[in-house]
Amino acid sequence: MNRFLLQTGRRCFSTTATRLHKPSARKQLAGSGNVPQRAGIANDKQIYLDWNARKTSVFHHFWLRDHCHCEQCYHATTRQRLVDTFSIPRDIEPTAVDSTPEGLEVTWPDGHRSNYAWDWLHTHSYSPVMRTAEPLQGKKPILWDAPSLNPLPVVEHEAVMDSDDGLRQWLNNLEVYGIGFVDGVPTTVEATEELARRVSFLRETHYSKGMWSFTADLAHADTAYTTLALGAHTDNTYFTEPAGMQMFHKLEFSGKGGDSLFVDGFHVARQLKEKSPEAYRTLASTLVPTHSAGDENVLIVPTPRAYPILNHGPDGELFQIRYNNDDRSALDHLSSSQLEAFYDALFMWNDLLKKSENELWEPLAPGRVVLFDNWRVLHGRSAFTGHRRICGAYFPWDDYKSRARTLRLTSEDKDRLL
């Protein structure tokens, strides 16, 4: 196959002609930053983009046609694909490839023309992957123990309610630390709900249709509705998808005890992995069945029936902790050796959770609201006497994360990252 080269000054662009059609003359590549120095068809199936002397991306012809973002192939408002993937010939080859200051321009056999911005191609390079992190993953978490989370990540109520900057700071604290406080909140259910809905809509459960408010009256058959102490745990281990976020606001209190406990589960998981990699693997692989069955008309179990305490994504990163020893169902599916290994690991986990430096105790005086990541931060409380009324809510994980992303990303960022 013939190779054509257009060179001007220090930069050049080259391409290989397709089998049946010679590409037209090419423009000099302009621009800076993540701009390829050379673009060209490498063979019948791929295009090479040379970003610099050491970095070259390879894009398949079919992939490029399938990812065209022109108005015929991609809806600019809904950001949904319009292209019919299955009508594209699998052996499709471009008839022309042009390097422009804005990006790569590709012409297809039917005359369709696709344009790909350089930063979009760099972001979505897959062979090799050029990005250093998943672009929509969010803020990198900072792990903490009680002494290191000082001062507490607090935002004022007025700032959250009156500006996106205040809300952005609150959600930033959530993404980074897994927990964030708001001070100066009026001590009513209505004001707390108004604050909650600054984040997203609320998740309905068998406990309530949105906001809940309760005392130790056993209105639901759950130990949360008693005066008993609660060890560090995550909520909703019995749901297929546990609530992503949880909010507390102590509206009234006259008595003793009842302080709230918070533990960074990701930090404890790292401690466990360092202490005993085998115990960590056990808690990451052993399926633990759970249930909610206290109320007469409730019998909830997750699908699949059981999940590990430590849950990891395809990249091997820990993304979710599901742990409430009180909600554990009968362990009747493990062999004798598996049971011994599980209990050994569980005891190590429990010991680390109860280390004093890992426990953040907070009175949560009326007026202070806490929102925390139920997939990361475990919570509990001390036993108490007297009267204690607390309100709160559950939030869907995806909607909380959506709110956090849209507060930090522009419309242009969306176009580049999707």
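The model is a predicted one, in which local features need pLDDT of at least 70 and side-chain atom pairs count only at pLDDT 80 or more, while totals for chains, interfaces and linings use all residues. Residues are numbered from 1 along each chain as its sequence is written, and side-chain values use heavy atoms, with hydrogens and water left out.

Helix packing comes first. Two packed helices are described by the angle between their axes and the distance between the axes. Helices (H or I, at least four residues) and strands (E, at least two) are DSSP runs, numbered from the N terminus.

The α6 and α8 crossing is right-handed. As for the term, a crossing is left-handed if the near helix is turned anticlockwise from the far one by less than a right angle, and right-handed if clockwise. On the α6 side, the contact (heavy atoms within 4.5 Å) is made by G265, V268, A269, Q271 and L272, and α8 supplies M348, W349, L352 and L353. Seven of these residues are nonpolar, two are polar and none is charged. In this scheme Ala, Val, Leu, Ile, Met, Phe, Trp, Tyr, Cys and Pro count as nonpolar, Asp, Glu, Lys and Arg as charged, and the others, Gly among them, as polar.

A279, T282 and L283 of α7 make the contact with A341, F342, A345, L346, M348 and W349 of α8. By class there are eight nonpolar residues, one polar and no charged.

From α4, the residues D164, L167, R168, L171, L174 and E175 meet Y400, K401, R403, A404, L407 and R408 of α9. The make-up of this contact is six nonpolar, no polar and six charged residues. Also in α9 (residues 397–408) is S402, which is partly exposed at 34% relative accessible area; buried means under 20%, exposed over 50% and partly exposed in between (1.4 Å probe, protein chains only). S402 sits 203 residues from V199 in sequence, yet their C-alpha atoms are 9.4 Å apart in space.

On to the histidine. A polar atom of the H233 side chain lies 2.7 Å from the backbone oxygen of G231. The side chains of H233 and D235 are joined by a polar contact of 3.1 Å. Such a contact is a pair of N or O atoms within 3.5 Å; within protein, one must be able to donate a hydrogen and the other to accept it, and residues adjacent in sequence count only if both atoms are side-chain atoms. Leaving aside residues up to four places away in sequence, H233 touches Y323, N324, L378, H379 and G380.

Finally, the backbone. Most residues other than glycine have a negative phi, and most peptide bonds are trans. A cis peptide bond joins S127 and P128, with omega about 5°, and another joins N150 and P151, also with omega about 5°. P128 lies in the loop between α2 (118–123) and β11 (154–156), and P151 is found in the loop between α2 and β11 as well. N236, not a glycine, has a positive phi of about 65°. This residue is in the loop between β14 and β15 (245–257) and is buried, with a relative accessible area of 1%. L364 likewise has a positive phi, near 50°. The loop between β21 (360–362) and β22 (369–373) holds L364, which counts as buried at 0% relative accessibility.
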